[in-house]
Amino acid sequence: MTASVIPLPRRPEAPSRTKRNLTVLATLALLVWALLSVDAELDRLVDLPARLASMFDRMFLPPDWDYFGTAAAAMVASIQMAWIGTLIGAVISLPLGFFGARNVSSGPVSNMVRLFLNAVRAFPELVLAVVVFVPIAGLGPVAGTLAIGVHSVGTLGKLTAEAVEGIDPGPVEAARATGARPLQVQRWGVIPQVLPEVVAFWLYRFEINLRAAAVLGIVGAGGIGQILSNTLEYRRFDKAGMAILIIIVATILIDYISGTVRRRIIEGSGARRIQGDVLEQPELVEVPASPLSERGRAMARVDTDVG
Amino acid sequence: MIDFKNASVTYPGGVHALRDLTLQIPDGEMVVIVGLSGAGKSTLIRAINGLVPLTGGDVTVDGKSVAKARGGELRRIRSRIGMIFQTFNLVKRTTVLNNVLMGRLHATPTWRSLVGRYRPGDVEIAMRALERVGIVEKAYVRAANLSGGQQQRVGIARALAQEPKIILADEPVASLDPPTSHMVMRDLQRINRELGITTIVNLHFLDLAKVYGDRIIGMRDGQLVYDGSGAQADENVFRDIYGRSLTADDVLEAAATR
């Protein structure tokens with residue numbers, strides 16, 4: 001009996017790597033081009049540590065403690081700008097989010113609302129403040145607050161619309177089946193499903209807006225940014241150091257509080273589930289893992305360095 | 001009295017879910033609809049409260065045409081018809097009581113429901129509905145924290161809170177284990193007997209259908225293929241409805257012991 005040779009199936013060709021190599025080359029070329037064209041004085045990097053040390057020395061060793069009161073008051077003004085701006089954004093974005101959601105709104109309406117939200121979102125707070133609100137409201141915190149509010153409408157509206165699109169349609173059908181009116185269906189079939197996520201978005205937006213408020217001061221919108229820009233202009237580095245200290249401490253503190261509250265809102269909302277006598281049918285037992293609640297949870301975990 | 005007159009539903013895409021169905025269900029009956037999935041059971045049930053619009057013929061409830069009703073007229077018809085779902089369809093993030101109070105929305109002014117200030121009388125009705133299904137102690141618990149059987153009872157309480165004349169149940173026990181299934185079916189039977197509410201239940205387990213169905217309606221390919229008492233429905237009848245011989249999957253007890 002001779003050992004018969006079983007023909008093995010042909011081995012596949014290794015896939016071409018040309019594409020990958022080209023991508024790497026192109027990326028490198030872009031990097032070189034960018035480095036050359038920004039004309040960075042890279043040799044100055046060498047004495048960067050010394051400059052940083054000297055600046056640190058002038059700002060923080062010691063900071064101007066007598067300036068604490070003024071700087072803290074300005075920080076409070078910035079926090080107020082961020083808070084009121086966020087409230088404006090939340091109140092206006094909530095109905096817009098519902099109108100922008102395809103499943104509860106009509107096609108043409110949701111398209112128009114989304115177009116509007118995208119347009120609003122395209123303008124950063126800084127641009128809105130300089131171009132629109134400083135000319136209207138004059139220099140000061142009002143302009144900054146309005147700029148923050150309007151930009152927040154854009155982002156919060158989009159997030160709300162997506163949250164609404166991710167809901168479980170079952171309770172909505174149940175509410176309609178009871179003979180409830182359309183507004184009642186939204187109020188009791190949709191809002192309880194999305195509210196935890198949406199409130200978490202609001203808080204997260206507040207954290208971002210706090211940073212925006214600090215920056216906006218530099219273009220004359222009051223608050224801690226204005227203090228920073230003024231003191232640096234007059235080279236009072238010890239006063240600037242005080243302002244920076246306050247910004248850092250206040251931001252960390254508020255991020256911590258807001259983050260804790262967000263986590264509680266998201267995880268406290270139906271995170272625990274008793275499966276009990278429900279059969280092992282994953283698609284029925286598990287809450288439909290909508291992309292939004294995933295995002296909501298991700299946001300609850302976001303750390304302080306996201307601005 | 002529910003009256004189907006040559007009712008047809010053709011979904012976009014050409015699926016005929018109901019074909020020329022003529023059927024009468026008098027007040028107070030306990031009817032079980034059986035048939036394979038896709039036979040039109042869900043469509044039949046949803047045609048009664050207008051969640052699925054007819055594409056031909058008519059359905060009337062107490063003489064009022066569901067097919068022709070729009071807006072407030074349709075909502076008035078729906079308010080007299082409670083509905084129970086396979087996946088319970090509760091808002092899991094809110095309390096049991098808020099879910100049951102959904103059944104009172106039809107009787108609550110919009111402004112009251114928007115701010116969540118239900119009338120004390122409506123809260124009382126919701127509480128009594130919870131008492132009837134035996135979970136009033138869970139009234140202020142989040143629905144997400146209940147087991148499947150408890151959630152389905154909340155679903156029943158929500159339907160009862162409407163003070164309906166008719167209850168529709170679309171596969172109410174398909175996601176529950178056998179003992180819980182019997183509990184939920186007994187609840188429905190009790191509601192039918194004690195309150196005289198016409199009860200129409202979709203089931204695919206034949207033994208449950210025989211036990212709880214005073215009247216059994218068999219559906220196949222969108223057509224009525226059997227209409228008779230549960231006592232008369234023997235294995236041959238079910239084989240006819242299903243168009244194939246029966247398997248262990250068609251019986252709850254057998255499915256449970258597998």
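In chain B, six strands form an open sheet with mixed pairing, in the order E6-E7-E8-E3-E9-E10. Keep in mind that this is a predicted model. Strands E6 (81-84) and E10 (223-229) of chain B are at the edges; each has a single partner strand, so one side of each has no neighbour in the sheet. On average, and ignoring direction, neighbouring strands here are turned by 15 degrees against each other.

Now one pair in detail. Which sense do E7 and E8 of chain B take? Strand E7, residues 166-169, and strand E8, residues 198-202, are parallel, with four bridges between them.

Helix H7 of chain B, residues 178-195, packs on it and touches E3 (30-34), E7 and E8 of chain B. The direction of H7 makes about 155 degrees with that of E8(B). Helix H6 of chain B, residues 148-161, lies across E6 and E7 of chain B, and runs at about 170 degrees to E6(B).

H6 also brings us to the other chain. The contact between the two takes 35 residues from chain B and 31 residues from chain A. On the chain B side, H2 (71-79), H4 (110-115) and H6 each supply at least two residues. Which helix gives the most? That is H2(B), with four residues. By class, the side of chain B that touches chain A has 17 polar, eleven nonpolar and seven charged residues.

Definitions and conventions: Residues are numbered from 1 along each chain as its sequence is written. Chains are lettered from A and ligands numbered from 1 in the order in which they are written. This is a predicted model: local features need pLDDT of at least 70, side-chain atom pairs count only at pLDDT 80 or more; totals for chains, interfaces and linings use all residues. Two strands pair if DSSP finds at least two bridges between them. Axes are lines fitted to C-alpha atoms, for helices over the stretch in contact, and angles run from 0 to 180 degrees between N-to-C directions. Two residues are in contact if their C-beta atoms, placed from the backbone, lie within 7 Å. Ala, Val, Leu, Ile, Met, Phe, Trp, Tyr, Cys and Pro count as nonpolar, Asp, Glu, Lys and Arg as charged, and the others, Gly among them, as polar.
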